[in-house]
Amino acid sequence: MNSDIAIHKPAPIAVGKPLDKFNRTSGLKETLNILESGMPVLVSGFYSDGLLLLREIHHYLKNQIPHQSFKEQREYRSAYRKLSNLVLLEIKDQKLCIRKSPVIGWLERFYADNDDFLLTFPQVQGLNSAWQWYQNGISVPVLRNKLHTYYGVYFPTRFEHLLLFDNWLKRYSGPKKSAIDVGVGSGVLSMQMIKHGFQKVYGTDTNPNAIFGLTEFMGKTKLSRKLELDFAHLFGKWKMEVELIVFNPPWLPESHELDRIGEAIYYNECLFPDFFAEAYLRLLSDGKLLIIFSNLAQITNVTKSHPIEKELAENERFQLERCYTKKVKVASAKTNRDQHWRADEEVELWVLVKK
Ligand SMILES: C[S@@+](CC[C@H](N)C(=O)[O-])C[C@H]1O[C@@H](n2cnc3c(N)ncnc32)[C@H](O)[C@@H]1O
């Protein structure tokens, strides 16, 4: 099935006419001027020279743009993206052309047919960290195995919602024949359900990398017989009625530039109404509909409306059985200072049943 799936990866930039170069002996001011004028710069010398330039871009922008509120931080990130994406690296024979560069396995996997091209430094950083996560795996407190998440796939970095779900699964005593996991991502929720005895889970995702990566991760293991995947919107080809439907949807209303990872974070206005309408058709009469959510959008004043409360208030499909909440631990002192709103963040596990 996966032969039809086109992996999402950074588009290679063709090598064209010679570019201005940057290494640690170059003038920073001149380089920032070039970037500000919208022209690219090619990092030469060492990989760390590129890191140095990105740090300088941060310094430069921090002096110009406030970055306290959630909205300001978004604007700051957008200005940073604009300049940093003009910092380029050359890749020859699937290797970075500068000294002391990390080895990034994705380069061979994704660009086998391309012997000479450019990528932006942030793209290379993204590929590099994704490769580290993929190779080393991510331990989550609710699973014995590590997750080896593919490039470009959302994976959990905080675990409160997984713990809420795990506690709910521990207490759930209903039938465990089948479940649907909408937006499986790394597959973590599906694996939790299987760990708690669900015989079959049907997952979907609109991100091709999630489906491809999870299929590769499962290989021919026992898991691959219990978890079936469809690269599709919402419920895809899964039309059967099940006892449990879970969805850990994007938590914020859509912003402008959406990439694949963006789709894991931002939702458009049709997502929830369509999801509830389709979930209603697939949930058995005594089944449970579980949605993982967060108060992030409310506490950051991005929106006042809550898509689950809206569904309950406006439609006759579902009623609330219970909503469990858990405070999110603040990650570090630094996060605390720059992102003070995080202190009030709570994850929510909504358990709905049919009316
Ligand atoms: C917040 S992530 C959650 C991933 C995973 N279930 C977890 O709990 O870690 C949301 C996932 O939903 C996927 N997604 C977003 N919109 C979707 C849609 N309309 N249909 C199916 N999947 C979608 C995203 O690609 C992403 O993998």
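Trainee: Hi! What share of the 355 residues in the protein chain is buried?
Mentor: Hello! Buried residues make up 29% of the 355 residues in the protein chain. Keep in mind that this is a predicted model.

Trainee: Got it. How many helices and strands does the chain have?
Mentor: The secondary structure comes to 14 helices and 14 strands. The radius of gyration of the chain is 22 Å, close to the 20 Å that the globule rule gives for 355 residues, so the chain is as compact as a globular protein of that length.

Trainee: And what box do the C-alpha atoms fill?
Mentor: Along the principal axes, the C-alpha atoms fill a box of roughly 70 × 45 × 35 Å.

Trainee: Which domains does the assignment give?
Mentor: The domain assignment gives domain 1 (2–134) and domain 2 (139–354). The contact between them takes twelve residues from domain 1 and 17 residues from domain 2. On the side of domain 1 that touches domain 2, the largest share, four residues, comes from α5.

Trainee: What kinds of residues are on that side of domain 1?
Mentor: The side of domain 1 that touches domain 2 divides into nine nonpolar, two polar and one charged.

Trainee: How far apart are the centres of the two domains?
Mentor: The centres of domain 1 and domain 2, taken over C-alpha atoms, are separated by 32 Å.

Trainee: Let's look at α5, then. Which of its residues are buried?
Mentor: In α5, the buried ones are Phe-121, Val-124, Leu-127, Ala-130, Trp-133 and Tyr-134.

Trainee: Nice. What does the span of α5 come to?
Mentor: Helix α5 covers residues 121–136, and at 1.5 Å a residue its 16 residues should span 22 Å. The end C-alpha atoms are 22 Å apart, which agrees.

Trainee: What comes after α5?
Mentor: Gly-137 follows α5, and its phi is positive, near 80°.

Trainee: Switching topic: which residues touch the most other members of the largest nonpolar core?
Mentor: That core has 75 residues, and Val-43, Leu-89, Ala-179, Ile-180, Ile-245 and Leu-289 touch the most other members. The core draws at least three residues from each of domain 1 (2–134) and domain 2 (139–354).

Trainee: What does Leu-89 touch?
Mentor: Leaving out residues up to four places away in sequence, Leu-89 touches Val-43, Gly-50, Leu-96, Ile-98, Leu-118, Leu-119, Phe-121 and Val-124. Phe-121 and Val-124 are also among the buried residues of α5.

Trainee: Can we do another helix? Which residues of α6 are buried?
Mentor: In α6 they are Glu-160, His-161, Leu-162, Phe-165 and Leu-169.

Trainee: What covers them?
Mentor: The cover includes α7 (188–195), β12 (283–294), β13 (318–327) and β14 (346–354).

Trainee: Last stop, the loops. Where is Gly-45 found?
Mentor: Gly-45 is found in the loop between β2 (41–43) and α2 (47–62). Beyond residues up to four places away in sequence, Gly-45 touches Asn-23, Arg-24, Ile-98 and Arg-99. C-alpha to C-alpha, Gly-45 and Lys-100 are 9.0 Å apart in space, though 55 residues apart in sequence.

Trainee: And is Ser-37 buried or exposed?
Mentor: Ser-37 is exposed, with 8 other C-beta atoms within 10 Å. Ser-37 lies in the loop between α1 (28–36) and β2.

Technical notes
Residues numbered from 1 in each chain as written. Predicted model: local features only at pLDDT ≥ 70, side-chain atom pairs only at ≥ 80, totals over all residues. Helix = DSSP H or I, 4+ residues; strand = E, 2+ residues; numbered from the N terminus. Expected span 1.5 Å × (residues − 1). Buried ≥ 20, exposed ≤ 12 C-beta atoms within 10 Å, placed from the backbone. Core = buried A, V, L, I, M, F, W, Y, C linked by C-beta atoms within 7 Å. Domains from an automatic or database assignment. Contact = placed C-beta atoms within 7 Å. Nonpolar A, V, L, I, M, F, W, Y, C, P; charged D, E, K, R; others polar. Rg over C-alpha atoms; globule rule 2.2 N^0.38 Å.
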